[in-house]
Amino acid sequence: MYNRRVRWALACAAALAVASAAGPAVAAPRAGIVVRAAARPPVPARAAAEAVRAAASAAGADARVDPAPIPGAVPRERLRPFGRARALADEGWRAYKRVEPEFAEARLAEARRVALDVLALDGGAELMAEISLRLAAVRLYRGRAREADDDFRFAHALAPDRPVTTAEFRPQVVDAFARAIAQSPAEVTVSVSAPAGAAIEVDGRPVGAAPAAVRVRVGRHAFVARKPGALPAARVVSVTAEGGAVELALERDPLAAAAVAPLDVGVDEVRAAQRVEARIVEADLDLLVLAAPVWRGGAPALVGQRCEGTPVACGPVVEIRFADAAGLAGAARALWVALVERRDLRFPPTLLADARVARGEPPPGDRTARPARRWWQSRWLWAGVGAIAIGAVTAAVVTGGDDARAIVDVAPCDFGACEP
């Protein structure tokens with residue numbers, strides 16, 4: 001049976017779902033479900049995971065159990081250069097239209113430098129091409145036709161389908177662009193070095209694995225190296241008639257490693273935070289729920305914790321008890337409602353190291369799960385200590401005035417009450 005608060009919360013959730021049916025469509029939150037269990041849980045971890053997933057789906061979430069990383073997912077902070085580069089490019093283009101060519105060129109050159117940080121990401125090549133196209137127009141206006149031609153060809157190589165017409169540019173720019181891309185500068189060989197096996201791209205096109213010797217035309221080119229488990233590396237190089245060498249150093253991607261590291265019972269808070277955050281990013285999730293089936297006071301229970309964001313922040317651990325395996329689905333629904341209600345996301349991921357999960361209680365009737373206690377582990381001793389502590393807290397609340405707040409949560413087994 002649910003308590004009154006849980007029944008009220010479920011009713012409110014159902015009412016909100018009905019009320020929102022006629023309203024504007026809202027994207028379903030993407031939720032990951034990770035359920036782990038210690039030895040001899042009241043229900044199998046797989047069954048608990050499916051129950052929580054079903055509860056989340058029924059509430060409108062796009063829920064997945066143990067979500068796998070999605071290729072191309074990146075942390076939000078690594079996307080920030082997109083906005084900065086676009087803002088600089090727009091500022092430079094406005095200056096060009098105001099006939100301030102020097103300021104326009106400076107801003108567009110800075111925009112291209114910033115865009116290098118996202119060149120290897122989806123949309124990065126197109127952004128670099130757009131900035132280079134505008135920079136070419138400014139340089140053409142300033143009488144530097146050779147540099148403009150190089151930038152026109154670079155922009156075309158990165159985004160060959162991007163139309164350049166008089167709808168956006170002056171006729172002189174359109175004509176200069178057509179002449180530049182019709183030219184065929186001499187081809188030279190460039191050696192590209194990167195960690196063995198890394199995939200090499202030149203101007204967005206794959207050219208093989210490192211180390212590689214590639215043929216390119218004289219002029220500006222974008223070189224990118226990619227390898228699983230590493231952050232991609234990118235460089236823009238002006239290749240001369242002598243050819244040359246390009247070195248691309250790769251750094252280990254900490255998120256990629258953390259995303260596949262196990263989230264098992266007993267993982268400490270620091271490692272759990274790294275691995276939960278990595279899963280949120282790599283699987284492109286809005287939230288991730290950690291849960292575990294445990295024994296509590298001789299009855300089955302589900303404990304769960306909701307985590308979001310980068311850096312990751314979680315709510316408190318919620319516990320829902322139920323009578324037997326038949327009540328698992330209802331407990332999962334109650335757990336999901338309770339987790340969604342909690343907005344105080346200010347804790348680390350603590351559930352996997354929580355004593356209820358990591359140490360846990362034995363199943364009812366199990367008298368062999370724990371070793372004999374020494375005198376300092378006596379339930380009577382610590383029950384007495386607990387009583388004294390509770391009395392002290394109560395006194396503090398009574399004498400502490402209107403601002404005093406105390407919540408004493410004494411679990412049945414904390415002072416040995418579950419022992420024979």
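1. The largest nonpolar core of this predicted model comprises 40 residues; Tyr96, Leu127, Ile131, Leu133, Phe152, Leu158 and Phe169 have the most contacts inside it. A nonpolar core is a set of buried Ala, Val, Leu, Ile, Met, Phe, Trp, Tyr and Cys residues joined through side-chain atoms within 4.5 Å; buried means under 20% relative accessible area, exposed over 50%, and partly exposed in between (1.4 Å probe, protein chains only).

2. At least two residues of this core come from each of H3 (80–97), H4 (101–115), H5 (124–141), H6 (145–158) and H7 (171–182), and H5 gives the largest share, 10 residues. Helices are DSSP runs (H or I, at least four residues), numbered from the N terminus.

3. Leu158 touches Ala125, Met128, Ala129, Asp203 and Ala222, leaving aside residues up to four places away in sequence; contact means heavy atoms within 4.5 Å. A second, separate core has 27 residues, including Ala49, Ala55, Ala56 and Val318.

4. In H7, Val173, Val174, Ala176, Phe177 and Ala180 are buried. The buried residues fall within an arc of 165° seen down the axis of H7, and therefore line one face of the helix; the arc is that of the directions from the helix axis to the C-beta atoms. These buried residues pack against H3, H5 and H6, whereas the face turned away from the buried side carries exposed Gln172, Arg179 and Ala182.

5. Residues are numbered from 1 along each chain as its sequence is written, and side-chain values use heavy atoms, without hydrogens and water. Local features need pLDDT of at least 70 and side-chain atom pairs count only at pLDDT 80 or more, while totals for chains, interfaces and linings use all residues.
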